[in-house]
Number of protein chains: 6
Amino acid sequence: MQIDRIDGRSKDELRTLTIERGCNRYAEGSALIKWGNTHVLCTATVEEKVPSFIRGSGKGWLTAEYSMLPRSTHQRMQRDSSRGKINGRGSEIQRLIGRSLRAAIDMEKLGERTITIDCDVIQADAGTRTASITAGFVALYDAIRWLIKNEKLTENPITTQIAAVSIVKINGQMVIDPCYEEDSSAEVDSNIIMTSGGNFVELQGTGEQGTFSLNELNEIAKLAWEATQKINKIQQKALCLTQEEIEAIKK
Amino acid sequence: MQIDRIDGRSKDELRTLTIERGCNRYAEGSALIKWGNTHVLCTATVEEKVPSFIRGSGKGWLTAEYSMLPRSTHQRMQRDSSRGKINGRGSEIQRLIGRSLRAAIDMEKLGERTITIDCDVIQADAGTRTASITAGFVALYDAIRWLIKNEKLTENPITTQIAAVSIVKINGQMVIDPCYEEDSSAEVDSNIIMTSGGNFVELQGTGEQGTFSLNELNEIAKLAWEATQKINKIQQKALCLTQEEIEAIKK
Amino acid sequence: MQIDRIDGRSKDELRTLTIERGCNRYAEGSALIKWGNTHVLCTATVEEKVPSFIRGSGKGWLTAEYSMLPRSTHQRMQRDSSRGKINGRGSEIQRLIGRSLRAAIDMEKLGERTITIDCDVIQADAGTRTASITAGFVALYDAIRWLIKNEKLTENPITTQIAAVSIVKINGQMVIDPCYEEDSSAEVDSNIIMTSGGNFVELQGTGEQGTFSLNELNEIAKLAWEATQKINKIQQKALCLTQEEIEAIKK
Amino acid sequence: MQIDRIDGRSKDELRTLTIERGCNRYAEGSALIKWGNTHVLCTATVEEKVPSFIRGSGKGWLTAEYSMLPRSTHQRMQRDSSRGKINGRGSEIQRLIGRSLRAAIDMEKLGERTITIDCDVIQADAGTRTASITAGFVALYDAIRWLIKNEKLTENPITTQIAAVSIVKINGQMVIDPCYEEDSSAEVDSNIIMTSGGNFVELQGTGEQGTFSLNELNEIAKLAWEATQKINKIQQKALCLTQEEIEAIKK
Amino acid sequence: MQIDRIDGRSKDELRTLTIERGCNRYAEGSALIKWGNTHVLCTATVEEKVPSFIRGSGKGWLTAEYSMLPRSTHQRMQRDSSRGKINGRGSEIQRLIGRSLRAAIDMEKLGERTITIDCDVIQADAGTRTASITAGFVALYDAIRWLIKNEKLTENPITTQIAAVSIVKINGQMVIDPCYEEDSSAEVDSNIIMTSGGNFVELQGTGEQGTFSLNELNEIAKLAWEATQKINKIQQKALCLTQEEIEAIKK
Amino acid sequence: MQIDRIDGRSKDELRTLTIERGCNRYAEGSALIKWGNTHVLCTATVEEKVPSFIRGSGKGWLTAEYSMLPRSTHQRMQRDSSRGKINGRGSEIQRLIGRSLRAAIDMEKLGERTITIDCDVIQADAGTRTASITAGFVALYDAIRWLIKNEKLTENPITTQIAAVSIVKINGQMVIDPCYEEDSSAEVDSNIIMTSGGNFVELQGTGEQGTFSLNELNEIAKLAWEATQKINKIQQKALCLTQEEIEAIKK
């Protein structure tokens, strides 16, 4: 069946996606992702301390923060600091980013230190959370390299390569990587975080306008697998990974 | 294969689950759910106003709030009001409850009014979000009855019956409705919200310790379908629904 | 003189009052009080730490927190956490609860630990502060039993049994334990916390609509003494106190 | 019996008390009270608006705010604005000041406007709440004069003169108007707000270290009556009230 | 006299400075300034509303907000929203930016609308406030162009071109546009905002380590005049201003 | 040229200025300044601790806080604590006060302790920041005396006497020390903090309505020098400084 997407893409075609590594002078790792008109700046900060609930365990921690610049959107949004109330959406997204990236790392090998992934949305056109996770992985990988280069680690604690993609149902049809106009009118909205080996790290499907069936869930899974394979290659290229390094984190 | 669950249940066996409807004297709808040792009090409040973003649209709105009493848990937690910072987990949960219950209602039929579902956890032993959604549906249904009885509505805007269940992977095996000890050691954690007709309203799967495969996702889906069918019956009984009423919201 | 009370009670007749002890699975002490249509859940939490201003003194501390569920009242109230400003009334009430219950305990015998009494109003129909103090005493007593049973204390630090009652003047007449409708139209409003031996722990009288004389103050005192004697018996029964235990804390 | 007070006063002797009226250039009413070493600046602000809960009722409102300068005390206190959490004590005190002064005014005669009494403690040496109420009455009276002079009111809405005093039990003996050292070691602490006609507006007695009996309550009442009579005269002098004006508000 | 600057510049030599206009897809005006290693993203948002204090006056308003990304600095900083207390420095800077840019605009000609200049520091290496003002002017100018192009304005309300520069005293010598290392060890620190016609919009001089004389003040003024002339040219080029347009705003 | 000032002063004539030292019973240093109708109470508090960023350095610290009483102004202002958002103006002013007074002290000689200068505006009629700095110096000097007298310091760490004055341009003419009406209509507004030796500690000039030239900047500098010389004498008299003490801090 023929799909008419607003920007002429086929149903399984990603928007243009580039990742620029090392865009921040101070951070241990950083990546600027431009995914269609969505631009997110991710930095990875290494600090030699851990939250109190794991202190003394020998394990490390990873946490994420997510925020949008006031004019990253069509209408200017108030800053969190001047609104003075909980930003529920941002809080939900940064918890997702943190959980997903923690799944990519062996905390015992990391040792008692914390990596903070800051995801600041410069410009938003749908898919800011999947862009944050995808670029966050690149920033994280570079921070690990920094730790190894600076002889704070001898072994790479990253266990798996992860990437994220959004899949929505519009006019009864599943399409990948929606732009803003598509995202706004989706009947079903899903975000899938997968490993390069094809397993799920997290899957969230929501019937925004209606519900979805088991068959549709399986179609989402299939499209996500194909899309994340492509995204993995862009991450690998941004990180200049060797084939050996790619295999080491394929699970 | 034989499963050894800490409380002797089989893999697809729910904890004891009761719902007491009408437990609050003032609310338009209310339900006290006791699901194992998890106790949640849900109230539905009807207010003749809507948030500014839909004012004038003729549509209604539903929102949810979720909070835990300080000693609902093993260790006393600080109240949100005295912590003075974002409670990310609570914020994420109340957004999930709101989304799920909005999927059960036709906002145009509801008209310009807001229903607020308050979910207060009296005692927690895993599954507080699935208990909140399950009992929230009962409170919501009763609030709709109140609107009809008071001649503010002529037609029932509820389109589908929804229920929620948690499914986790422990020791490599999927089991439904974990208690606290099981939940704490889960390798994969999922929450599924389904309609009585067997469709998904929301599905969230997380690899807490590791990842999960497509086969496992399908096993989760199957267990969720069986479990929510049982939970639906308990909701129907609490609401004293007739067979006709049950069919009307089966989608 | 004949009094016409809205619910048919005589001027010195309490509303139906029951106290269910041990209603919370985790707390060291707990009590659910149902006093007319006012329902309050009290838990007592023991923590092996004290505030900085008494650290090192060998003395213990007791503090209280008071909060109302959003739909405990006729109209839904905003949660403290989403209002983002001081709830003056709640703050005043929790200070009263804390002061009153501290008067029942020998802090040197308690030792350097803190007991926190959480009072969460499930449903409100006047008298939530007196219900909180009355049930708070029961939860506190049980927490002390837990300390003794777990060999953290050898001697009971509770020095006196306390109970609270509200007395108001309506249509020029003093009546005890008003319900919501009576409370709303009171000319004078008072809350009295007394020991089982007949002394005052705290007395607060307020001329809400007008003032009150010394004679009226003495009438309040007399009614309070009779009412708290009855309430004491209900506490004793809930706690299954022996006659010896009752005498030990009569002051 | 002979009492040894730390500053040589007899048991029913007030500290030196002066009230300077009109100390603020902008406020509609103002008074600086120096009561021993306790100095409080009170201003009364008239605004032509009322809170939403009485809008349209034709009635006025009075509210009070209470705050201490950071170095009004022996040790510097953090400002409320930089602590960022509820100041329970201050909140409790400002509610008492508001309630007490509302009792002195006929809200229907005041009409739909709000008077705000700001009480800022410049220096504290016990009795800041009684000083605030006592001087607050003077500022309030002057604000009413301003309203009459500016032809916004034709009739005086003040119905009664009120004053406040603190009475404590030290070493088993009741004494009035304690200084800081006495207040810190009090066994019983009470604050009494009375009309010039000898009735109670508010009475708060607390057994800080122990309890108090009905006889002691009556002794407190008697001492309060004598003390407030003296304080009334100082207020009258500060306000330059005529005998006729004094009688008009004696109730 | 020979100066040894850490980066080899002469005393009156600017760091490399580029301004990229139109970097944001949604904002009415935008500019990304890279000034040495300091990168600031400025957007100008036009909204058809004004603050209450000028409503109905026919005049417009301009306000600025300033924030630093958490990892814009050597050490990661906490976000304002999670610190939960006043960021005094940021507040001071955004007030300066707002005042300076308001000086460049005729509020009556702007009409009742608000322009908000958001300055978000992507990377910081000294001079973030002067970069914000300099790029803020470019974003502002473009937002005015948007208003004219969209026929909301017929006349350009910009009255003067402004630019900002920092001048510090190090080792007894004045130098312009310090980098981070120079800024940290400055004896005197000044920020000057000037018009293209050579007048001061704002001048702030601070003796960070010591004081400064009238002669030194005049030296600062002279260096600032020369530097802002150069910066003006870079702004003009970024904005593609014609000679006529340049003259029109030279004051 | 003849100037017509609203209060009849000549262009270089200060308003009446008095400083009362030792007005607070508890503070280590204190001063009440009455400068025209502007009244500010300053206290200096000594605490034997320093902020974390200089701990262990052997150096001391000085910080300032600035706040206005609600009715210090023509219209009542909300308190910071009830507004619940950043007070940008107050934050900017207290940073200026802190910076200026830090410039008067040798932090190494002060040793690891903090002096906090609290500036509370009792009544405001323009010039509250210059009054705060001027009186803050007096309170600071007295706190140093207290340290020396109590043998915590042997040497005076104060290096220079500082004072502050405001100079504005009205109707094209520079005048010193404006009152409220003058300040509101100023074309240029400046605040200058100078040492008794005639050097600048801080100079802030702002073109509120327009800009200012280098000639005008030099006129401001000259007027400031003359004015601060006079203010210095009033400080010296309030502090009862000997000629030797005056010379010791003239720089």
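Mentor: Buried area is the accessible area, taken with a 1.4 Å probe, that two parts lose on being put together, summed over both. The model here is predicted. By that definition, chain F and chain E bury about 2,400 Å² between them, and carbon and sulfur atoms account for 54% of it.

Trainee: Which three residues supply more than any other three of the area that chain F buries against chain E?

Mentor: They are Glu92(F), Phe200(F) and Thr211(F), which together supply 22% of the area on the chain F side.

Trainee: How many residues of chain F are in contact with chain E?

Mentor: The count is 27 residues of chain F against 27 residues of chain E, where contact requires heavy atoms within 4.5 Å.

Trainee: Why is the pair Glu92(F) and Arg95(E) called a salt bridge?

Mentor: The cut-off is 4 Å between a side-chain nitrogen of Lys or Arg and a carboxyl oxygen of Asp or Glu. In this pair the closest N and O atoms are 2.5 Å apart, so the pair is a salt bridge under that cut-off. Between chain F and chain E the count is four salt bridges. There are also 13 residue pairs in polar contact across this interface, with both residues at pLDDT 80 or more.

Trainee: Which elements of chain F each supply at least two residues of the side that touches chain E?

Mentor: They are α2 (88-102), β9 (200-206) and α6 (214-238) of chain F. The most comes from β9(F), with seven residues. By class, the side of chain F that touches chain E divides into nine nonpolar, 12 polar and six charged residues.

Trainee: How do you know that β9 of chain E and β9(F) pair?

Mentor: Pairing asks for at least two bridges between the strands. Five bridges join β9 (residues 200-206) of chain E to β9(F), so the two strands pair. They run antiparallel.

Trainee: Turning to chain A and chain E, what makes the two copies related as by a two-fold rotation axis?

Mentor: Chain A is superposed on chain E by a rotation of 180° with 0.0 Å of shift along the axis, at an RMSD of 0.0 Å. The two copies are therefore related as by a two-fold rotation axis. In chain A, the residue that comes closest to the axis is Ser81(A), with its C-alpha at 2.3 Å.

Trainee: How do you know that the copies meet through the same surface?

Mentor: Of the interface residues of chain A, 100% are also interface residues in chain E, so the surface is the same. In this interface 31 residues of chain A are in contact with 31 residues of chain E. The buried area is about 2,600 Å², 46% of it from carbon and sulfur atoms. Tyr26(A), Arg71(A) and Arg76(A) supply 32% of the area that chain A buries against chain E, more than any other three residues.

Trainee: What makes Arg71(A) and Glu28(E) a salt bridge?

Mentor: Their closest N and O atoms are 2.8 Å apart, and the limit is 4 Å, so the pair qualifies. The count between chain A and chain E is 12 salt bridges, alongside 23 residue pairs in polar contact, both residues at pLDDT 80 or more.

Trainee: Which element gives the largest share of the side of chain A that touches chain E?

Mentor: That is β5(A), with six residues. By class, the side has 10 nonpolar, 11 polar and 10 charged residues.

Notes
Residues numbered from 1 in each chain as written. Chains lettered and ligands numbered in written order. Predicted model: local features only at pLDDT ≥ 70, side-chain atom pairs only at ≥ 80, totals over all residues. Heavy atoms only, no water. Polar contact = N/O pair within 3.5 Å; in protein donor to acceptor, adjacent residues only side chain to side chain. Helix = DSSP H or I, 4+ residues; strand = E, 2+ residues; numbered from the N terminus. Nonpolar A, V, L, I, M, F, W, Y, C, P; charged D, E, K, R; others polar. Least-squares fit on C-alpha atoms with pLDDT ≥ 70 in both.
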